[in-house]
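Good morning. Please open the sequence and the structure side by side, and follow along as I go through a few local details.

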Amino acid sequence: MNSSAVTLFRNAVTRIRTGVAAATTQSTNHYTITASYDELLGITAHNADVFAALGIFAAIVLFYCYKTETWSLYKPATKRCLKIPVRVTRNDSGINRRRFLIGALKDLDCSLRKLNSRLFVLRGKPEDVFPKLFKEWNVRKLTYEYDTEPYSLNRDEKVTNLATEHEVTVFYEISHTLYNIEKIIEENGGKPPLTYKRLRAIVQKLGPPKKPISAPHLENMKDVKTPCSEKFEEKYGIPTPEELGLESTSLGEELFPGGEQEALRRLDEHMEKMAWVCSFEKPQTSPNSLSPSTTVLSPYITFGCLSARTFWWRLTEVYQGRKHSDPPVSLHGQLLWREFFYTGSVGINNFNKMEGNPVCIQVDWDTNPEYLAAWREARTGFPFIDAIMTQLRQEGWIHHLARHAVACFLTRGDLWISWEEGQKVFEELLLDGDWALNAGNWQWLSASAFFHQFFRVYSPIAFGKKTDKNGHYIKKYLPVLKKFPPKYIYEPWNAPHSVQHAAGCIVGKDYPHPIVQHKQVSKKNIQRMKEAYAKRSSNNNESPIKEQGVKRKALAVSEMPQKKIRKE
Ligand SMILES: Cc1cc2nc3c(=O)[nH]c(=O)nc-3n(C[C@H](O)[C@H](O)[C@H](O)COP(=O)(O)OP(=O)(O)OC[C@H]3O[C@@H](n4cnc5c(N)ncnc54)[C@H](O)[C@@H]3O)c2cc1C
């Protein structure tokens, strides 16, 4: 960075809407890197004098971790801004997810430009890049958003240590969840609540979540000039699609473009439908409607384009003075499910694994690469399952109950494959892939934890019929079946040969035979689950429902950097 650039930089004082701060004070000659909007707001809100003394400039830092071959962004965040917990693995991360990331970065840069600032993207491993940056930019402060995922805790601890070595002060805020998760655990006697009811009782005691802080305007940015050298794009530019291994030929229509602007547009669109919001009951929504029957705000929350708190308070406004549904089925209730699984992920060891996870039933899952591949590649021969898996691969989002159907099918329902395998596939393909939510929901669906009614199995034939008896959804995603009459669309193998012939699709040739006999295997699997539960009871002499996570005391925010890092 040249000296004139530095001077210009020093004149910049502001906060910005989209998540990356841009500011320095005239009187100081140091810089603070921040990767989060809320953190800055947090500092201004909670510690205005510190903020006033800070020199802050725009930077989001993207790292490529060579060892794990993953990309991660250090450490954008939160409310109305980009949070990239993504570890977009170069080779196997879904293309939709990578495209979403690029879109979100572009949107962020675009918003920053409107506020006379820029987004800086840096490449490299945190341990290599940060020390250089601290020196080169004379960094004195570093802010980030607290992230509870073990990978992130580990990374943040390393970076914090490096910062300390370089006399850089580190600030962070908790804003990715509605509440400070550690506080919920503390209120529950040091253990994560294992039922939604309990979680709800605790958050009711804590009161409503913090309100989001309003976004800054151009006025706040009057004197801002972010220095950009001629080599800016080369050095700090947003990764190109090619850099992230995206070939335009392999990309379908972009139904959910990344970025805050689209997140807020989507949020507004839904909040305008007040009657819909007030009467929202999740179980009444459809897994197989042709356009989504829920909000599809999850990718935006996952990436930090939309804050869960903003969503919460917008809902509160809509509910005000109106009769409305309640948790667990309401939209507020959905956000509390998110909180529930986050709390579990913080308080339960090895949350994304079966072994070593104290609340997870130990099941003798089969290893069956053929079945797993058939499920992943939409070749099970069950049209409802295959249509869902096709939608997932093509579009990156599927309805919650569709997730139920395919997750149950892969695990305890039909294929008897570990939920950990399903978790990996979802992580790769979902736009909203989130470490805590993915692991928690997979445990739920496989009846491994939280939910224990393993005898309630989704039928891959009957379930979809309830909301789409003519199979329009199947026809959309599996055009090979589009000429089948409604009577056979969910079970084409039962269609007489003449019907198959007329539909131009012969089962076994143009579309696979069902991979298993659902009725038989599901009965057998219920029995196997029963045995796993019995074993658990005899080992522990207690019901898994009563099983508790690791007892812990909440850390004060100031203590968190020293928090013990759990291994992935
Ligand atoms: C096997 C399985 C894996 C899942 N993996 C993920 C994941 O990786 N990331 C993810 O965001 N969700 C995951 N979910 C939860 C849920 O399916 C999605 O959050 C939801 O479908 C997103 O769509 P939406 O935004 O339209 O939800 P809406 O119904 O509009 O709900 C609003 C918001 O509430 C939150 N929410 C809703 N349901 C849940 C839930 N069950 N658990 C946690 N949060 C919830 C989401 O942030 C969502 O955006 C998973 C569910 C299952 C069954």
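I call a residue buried when its relative accessible area is under 20%, exposed when it is over 50%, and partly exposed in between, using a 1.4 Å probe and protein chains only. At 1% relative accessibility, C305 therefore counts as buried. Another cysteine, C278, is buried as well, with a relative accessible area of 9%. How many disulfides does the structure hold? It holds zero, where a disulfide means a pair of cysteine sulfur atoms within 2.5 Å.

Now the background. This is a predicted model, in which local features need pLDDT of at least 70 and side-chain atom pairs count only at pLDDT 80 or more, while totals for chains, interfaces and linings use all residues. Residues are numbered from 1 along each chain as its sequence is written, and side-chain values use heavy atoms, with hydrogens and water left out.

Next, the backbone. Most residues other than glycine have a negative phi, and most peptide bonds are trans. Here are some exceptions.

A cis peptide bond joins P327 and P328, with omega at about 5°. P328 belongs to the loop between α13, residues 308-319, and α14, residues 331-347.

E167 is not a glycine, yet its phi is positive, near 60°. You will find E167 in the loop that runs between α6 (150-165) and β7 (169-173). Is E167 buried or exposed? Its relative accessibility is 64%, so E167 counts as exposed.

N350 also has a positive phi, of about 50°, without being a glycine. Its loop lies between α14 and α15 (369-376). With 29% relative accessibility, N350 counts as partly exposed.

P192 sits in the loop between α7 (181-187) and α8 (196-206), and P192 is buried, with a relative accessible area of 0%.

D147 is in the loop between β6 (139-145) and α6, and at 4% relative accessibility D147 counts as buried. The side chain of D147 reaches the backbone nitrogen of E149 at 3.0 Å. That is a polar contact, a pair of N or O atoms within 3.5 Å; within protein, one must be able to donate a hydrogen and the other to accept it, and residues adjacent in sequence count only if both atoms are side-chain atoms.

On to the rings. Rings of Phe, Tyr and Trp (its six-membered ring) pair if their centres lie within 6.5 Å; planes under 30 degrees apart count as stacked, over 60 as edge-to-face, and the rest as tilted. A search of the whole structure finds 28 aromatic pairs. In one of them, the ring centres of F232 and Y236 are 5.6 Å apart and the planes are at 55°, so this pair is tilted. F232 and Y236 are both in helix α9 (residues 232-236), four residues apart, about one turn of the helix. Both are buried.

For W276 and F280, the centres are 5.3 Å apart and the planes at 75°, so that pair is edge-to-face. W276 is partly exposed, at 25% relative accessible area, whereas F280 is buried, at 3%. What sits over the ring of W276? The charged end of K273 does, 4.3 Å from the ring centre. To count, NZ of Lys or CZ of Arg must be within 6 Å of the ring centre and within 35 degrees of the ring normal. The charged end of K211 likewise sits over the ring of W313, 4.8 Å from its centre.

Last, the ligand. It is surrounded by 30 residues, the closest being T294, T295, V296, H400 and D432; a residue is near if one of its heavy atoms lies within 4 Å. A ligand oxygen lies 3.0 Å from a backbone N or O atom of S298. In the side chain of W397, an N or O atom is 3.1 Å from an oxygen atom of the ligand. A ligand nitrogen is 3.4 Å from a side-chain N or O atom of N438. On its own the ligand has 820 Å² of accessible area, and the protein covers 99% of that, by the Shrake-Rupley method with a 1.4 Å probe; for residues, only the protein chains shown count as cover.

How values were computed. Helix = DSSP H or I, 4+ residues; strand = E, 2+ residues; numbered from the N terminus.
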